[in-house]
Every structure is written in C-alpha cells, then in structure tokens.
Amino acid sequence: NLLLFTGLIFVLISRFASRQNNSVDIHFHDTYFVIAYTHLLWLFAALALIVWILYLLTNEILYSKFLIWTHIIITLLTFILFALMLFFDPGFMTLPRRHYDYSNWNLADNYITFIKIIVITPVALLFGQIIFIVNFVVGLFKRLTNRKT
C-alpha cells in the first residue's frame with residue numbers, strides 16, 4: 001500500500017508542477033527531447049502503481065519479506081530522488097547560456113555531483129527491480145518443488 005500512496009502523492013505533486021510550466025531538456029546526439037515535469041511525475045506515479053499491482057498479483061508467490069521490503073525501499077527512494085532532482089536547482093541551470101566566467105570553479109563540482117546522482121539513481125532502480133524478479137523466481141521455484149513432493 002506504500003506504493004499506492006506514493007503513486008497518489010506523485011499525481012498530486014504533478015498537479016502543482018503543471019502550474020510552473022517547467023521542463024527537462026535531454027540532448028541525445030542531434031536531437032533535443034523536451035519533457036515536462038508533469039509527464040515525468042506521471043511516469044513515476046504509473047511505475048509505482050504498476051509495481052503495487054504486481055505485488056497484489058504475486059503476493060502469494062513471493063519468497064522473502066526482507067526482499068520485498070528491500071525492493072520497495074530502493075524503488076521508493078529512487079523515485080523520490082528523481083522527483084527531488086526535478087525541483088532542485090544545483091546552480092548551473094539558471095546561469096545565462098553565454099557566460100564565460102572562469103573565476104569560480106565550484107559550479108563544475110556541483111555539475112559533476114549532479115551527473116553522478118543522475119547516473120547512480122537509474123542503476124539503483126534497476127537493481128531494485130532485479131531484487132523483485134529474484135524474489136519472484138525463487139518463490140515460484142519453491143512453490144513448484146513443494147507441489148512435487
């Protein structure tokens with residue numbers, strides 16, 4: 001139910017984010033992808049609700065409560081970290097585009113930290129989903145071996 005609650009919170013936050021009219025620009029090769037914050041928050045809400053539905057459907061099969069809670073905590077923390085990164089201004093995003101001031105290199109440190117968070121967070125999310133798959137497969141295997149004996 002924590003995933004359901006988180007999904008609903010993201011839907012509510014997206015209503016407030018739609019009034020700000022902010023977006024994320026992703027530069028990939030020769031293409032810019034512009035995604036509104038509202039759509040990203042809807043994506044997080046949809047993923048949280050999908051994982052909640054998966055737990056409703058597979059609750060009897062899952063093997064370990066510890067793995068369940070590990071998966072839920074990792075998933076929620078990564079969703080929250082992604083959402084906070086949308087509203088966090090590291091300082092270099094609001095600078096003018098053509099500002100060549102090399103006297104202050106703290107901005108580069110902030111940028112490197114920001115990029116590290118952007119790279120580590122999806123890896124952690126993927127690891128959390130692998131935990132769910134392992135928990136499901138082991139539970140299914142145990143259930144099938146118990147039926148045969």
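Mentor: With a definition. A nonpolar core is a set of buried Ala, Val, Leu, Ile, Met, Phe, Trp, Tyr and Cys residues joined through side-chain atoms within 4.5 Å. Buried means under 20% relative accessible area, exposed means over 50%, and partly exposed lies in between (1.4 Å probe, protein chains only). This is a predicted model, where local features need pLDDT of at least 70, side-chain atom pairs count only at pLDDT 80 or more, and totals for chains, interfaces and linings use all residues. Residues are numbered from 1 along each chain as its sequence is written, and side-chain values use heavy atoms, with hydrogens and water left out.

Trainee: Which residues form the largest nonpolar core?

Mentor: The general idea comes before the case. In soluble globular proteins, nonpolar side chains tend to be buried together. Here the largest core has twelve residues: F10, Y37, L40, L41, F44, A45, A48, F79, F82, A83, L86 and L125. The elements giving two or more residues to this core are α2 and α3. Helix α2 gives the most, with six residues. A second, separate core has nine residues, including L3, V51, I68 and F132.

Trainee: How many helices and strands does the protein chain have?

Mentor: Helices (H or I, at least four residues) and strands (E, at least two) are DSSP runs, numbered from the N terminus. The protein chain has four helices and two strands. From the N terminus on, their order is α-β-β-α-α-α. Of the 149 residues in the protein chain, 28% are buried.

Trainee: At what angle do helix α2 and helix α3 pack?

Mentor: Two packed helices are described by the angle between their axes and the distance between the axes. Axes are lines fitted to C-alpha atoms, for helices over the stretch in contact, and angles run from 0 to 180 degrees between N-to-C directions. Helix α2 (residues 37–58) and helix α3 (residues 65–87) pack at about 175 degrees, with axes 10 Å apart. So α2 is roughly antiparallel to α3. The cut-offs are these: under 35 degrees is roughly parallel, over 145 roughly antiparallel, 65 to 115 roughly perpendicular, and the rest oblique.

Trainee: Which residues of α2 and α3 make the contact?

Mentor: Contact means heavy atoms within 4.5 Å. From α2 come Y37, L40, L41, F44, L47, A48, V51 and Y55. From α3 come I68, H71, I72, F79, F82, A83, L86 and F87. These residues divide into 15 nonpolar, one polar and no charged. For that count, Ala, Val, Leu, Ile, Met, Phe, Trp, Tyr, Cys and Pro are nonpolar, Asp, Glu, Lys and Arg are charged, and the others, Gly among them, are polar.

Trainee: How many aromatic pairs does the structure hold?

Mentor: A pair of aromatic rings is described by the distance of the centres and the angle of the planes. Rings of Phe, Tyr and Trp (its six-membered ring) pair if their centres lie within 6.5 Å; planes under 30 degrees apart are stacked, over 60 edge-to-face, and the rest tilted. The structure holds five such pairs. One of them, F10 with F44, is tilted: 5.7 Å centre to centre, 55 degrees between the planes. F10 sits in helix α1 (residues 2–20) and F44 in helix α2, 34 residues apart. F10 is buried at 3% relative accessibility, and F44 is buried at 7%. Another pair, Y55 with F132, is edge-to-face: 5.1 Å centre to centre, 75 degrees between the planes. Y55 lies in helix α2 and F132 in helix α4 (residues 106–148), 77 residues apart. Y55 is buried at 9% relative accessibility, and F132 at 10%.

Trainee: Is T121 buried or exposed?

Mentor: T121 is buried, at 2% relative accessibility. Its place is in helix α4. Not counting residues up to four places away in sequence, T121 touches T78, L81 and F82.

Trainee: Where does I61 lie?

Mentor: I61 lies in the loop between α2 and α3. Leaving aside neighbours within four places in sequence, I61 is in contact with F136, G139, L140 and R143. L140 is in helix α4 and is partly exposed, with a relative accessible area of 32%.
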